[in-house]
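Hello,

Here is the structure we spoke about. My notes on it follow below.

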Amino acid sequence: MYKRLLGLAFSLSLLASCQPSKPSQLKDSVTDLQGETPLEGRSLFDQITMVREGNQVLQKIPFPFEQLRAQLETKLQAPMMATLIPKGRSLQRHATSEPFRYPRVVLAAITEGSAQGENLGFLLKDRLYLGYVEAANQLEAISYNPDMGRFEFQIIDNYGPGLTPRVRYASRAFCLACHQNESPIFSNPSWDETNANPKIQAQLLQAIKSDRYLGIPIRQLSNVPNAIDDATDRANLLIPFQKLWNAGCTLKDEQASQHCRRLSLEMALSYRLYDLFDDSQYAELKTAYEAAWSLAFPKGLKIPQNNIPNFDPFQDFSGKKDTSFLDRLGVEVKGDLERLADDKDIPAEVEPLRERKEPLEIWTTQNEDAARLIFAIAGEFQTADRLFLKGLLPNPADLAQTLDLLEQETPSFFQAGTFTRCRTIAALAQVKARSQPACDFRDFKVMPPAQSTGQASTGDQHDPRLSLFRSYCSQCHGSGPLNFLEGDDATVLQNLANDAKLHIERLSWETSKSRSMPPANSAPRKLLEAAPADREKMIQVLKQLSNPL
C-alpha cells in the first residue's frame, strides 16, 4: 500500500493554507467566488508589498519593474521564472501598438519561500504570478489568498516613471471569463507565443536592439515556459484540495467529519516529519473518504481544465470570427468581452474566453484519489516549517497527543473551513506552549483598506449629461478592463470624448457597422429600447463632446 500511494506524492507542493474560515471555496459554481475584495485575509501580493513606516503600514510597489521583481525575490529561495509574450491572449493583448518593442512580461514563483530562524516566511510557490506591459503602465497580479482558499486577481495601474501606483482588486466576473478554473492558466506546449519560439526571439531582438528586456534574456529555451506551465498545473489543484479538506471529509455526523480531517492531518504530518505511512490508519481514513465522497462527489470530483491551446501568432487566420462561445456568459460581462473576443488575429479555437467544458480529469475513491489530500497537506509545509515542527513534535506520539488536544477544543480546530498552513503551525505551537513563529498571516486591520475597480472614485459625480450613461451602461463599464465610466465627472467626460465616435456608432443601432451596445437581449438594452428618447440624448451628448464649441 505504501509504495502504491507514493505515486501520488507529486502533489506534495500543493494545497491551500490552515484553520477554519468561511468555506467559500466549497461551492461548485464560480459565481460563488464572486466579490472583488476578499472578505477575509488579503492576497499574497498585498502581504509581501506591505511596508511598516512608524505606526503605519503602507503598500509600496517599487518602480522600475526590475526593482519590484528584486523585492519579490527576496521572499523566495530562487528567482522567479520570467518569459516574454509579445502577441498573447491576455486582456493586455492590445495594450501597445508595438508588441515586440514592449512585450508582455510574465513572472511566476516556482520555489519555496525564504525563511530565517523562526520566521517561516511566505508560501509563494505556485501562488504568485505577474503580467506586465511597460507601455501600458500597468501590472496584473494573480496571487493566492490563504485565508479564503482562492486566488485574487489584481490590477496595478499608474505604474510608470513619476506615477503613484494604484493597487485594486479586479472584477472577478471579467477575470473568470478566461480563468474559468478560478486559478492561473497557461498554454499547452510548445508555447509558441513566448520567446521560446525562435521566430519570436528574432522579432524581439530586432525591435529591442538588445539581448535582454527588463533584465530578462530574450534568447530562451522551452524549459522556462515549461516551468511556468507546471506551476499553473499545480496551482490548478489548490481549490480542489480545499474541497477535499472540507466536503471530502464531511460525513453525516459532525464529530466523525472532524475526526476525518484530524486523521488526514496526522497522516500528512507523519509522512512529512517522520517519513511514516500507517496502512491501518489509512484503511480507517479510506472508509471515511468513501462515505463522504458518496455524499459530496457521487460522480467523482471534477478537476477544471487550466490549459489553453498552444497559439502561434505567426499563423495566418482570416475570415469573420465566431464569438458565439460567449453566449454562456451573463449579459453584465458578455458585452465588454465581445469586442475583445472579436479579434481576427486569434482564432476561436485558441481563444481563452472559449468555454472549457471537459474537465482535466475526474478523481474518484476507486482510484485512490482521496489519498491526494494526505500528500497535499504534507506538501503545504516548507523545509523550514518541517524543521520547526519536528523540533516542536519530535516523535509520532507527541504529534498524536497534540492533535488529540486540538480535536477536543471547542470549537474544534477541525471544523469545516479553509485549511491554512500558518494557522495550523500556530495552533500546534500554542498547544505546546511555544511562541508562534512568524508566517504569512498578518494583522490585516492595520493594512490600507482593499480597493476594487468597481469602487467609485472621489470627486464630483453629478453632471446631468452623464446620468443616462451611468444608468444604462455602468453595469459593465463602471469597472473592469473597459471601465470608461469609472471616476469623477471630469474623468468620465474625457473618456467619452476620447472614444465618442465609437460610442456613437455602437448606439446607432440602425446603421452601426460594429457590434451595438448595450448588448442585444441584455437588461440594459431592453430598458433603452423602451426609452428611445434617452438613446437620442446620449448620442447628442457624445456629438457635443466630440465637437466642443
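Two strands count as paired if DSSP finds at least two bridges between them; helices (H or I, at least four residues) and strands (E, at least two) are DSSP runs, numbered from the N terminus. This is a predicted model, in which local features need pLDDT of at least 70 and side-chain atom pairs count only at pLDDT 80 or more, while totals for chains, interfaces and linings use all residues. Residues are numbered from 1 along each chain as its sequence is written, and side-chain values use heavy atoms, with hydrogens and water left out.

Strands. S3 (residues 81-85) runs antiparallel to S4 (residues 104-108), and five bridges join the two. Across this pairing, Thr83 is opposite Val106 in S4. Four of the five residues of S3 are buried (under 20% relative accessible area; exposed is over 50%, partly exposed in between; 1.4 Å probe, protein chains only).

Confidence. The chain has a mean pLDDT (the predictor's confidence in each residue, from 0 to 100) of 86, and 86% of its residues reach 70 or more. In residues 6-34 the pLDDT is below 50; this stretch has 117 contacts in the model beyond near neighbours in sequence (contact: heavy atoms within 4.5 Å).

Cores. A nonpolar core is a set of buried Ala, Val, Leu, Ile, Met, Phe, Trp, Tyr and Cys residues joined through side-chain atoms within 4.5 Å. The largest has 52 residues, of which Phe65 and Val105 touch the most other members. Apart from it lies another core of 50 residues, including Cys260 and Trp363. Outside four places in sequence, the contacts of Val105 include Phe65, Thr83, Leu130 and Ile216.

Disulfides. With a disulfide taken as a pair of cysteine sulfur atoms within 2.5 Å, the count is two. One joins Cys249 to Cys260, S to S 1.9 Å, and is left-handed, with -65° about the S-S bond. Cys249 is in the loop between helix H7 (238-246) and helix H8 (254-274) and Cys260 is in H8, so the link ties together parts eleven residues apart in sequence. Cys249 is buried at a relative accessible area of 0%, and Cys260 is buried at 2%.

The other joins Cys422 to Cys439, S to S 2.0 Å. Cys422 is in helix H14 (residues 421-431) and Cys439 in the loop between H14 and helix H15 (467-477), so this pair ties together parts 17 residues apart in sequence. Both Cys422 and Cys439 are buried. In sequence order, the bonded cysteines pair 1-2, 3-4. Cys175 is in no disulfide; its nearest cysteine sulfur, that of Cys178, is 8.7 Å away.

Regards
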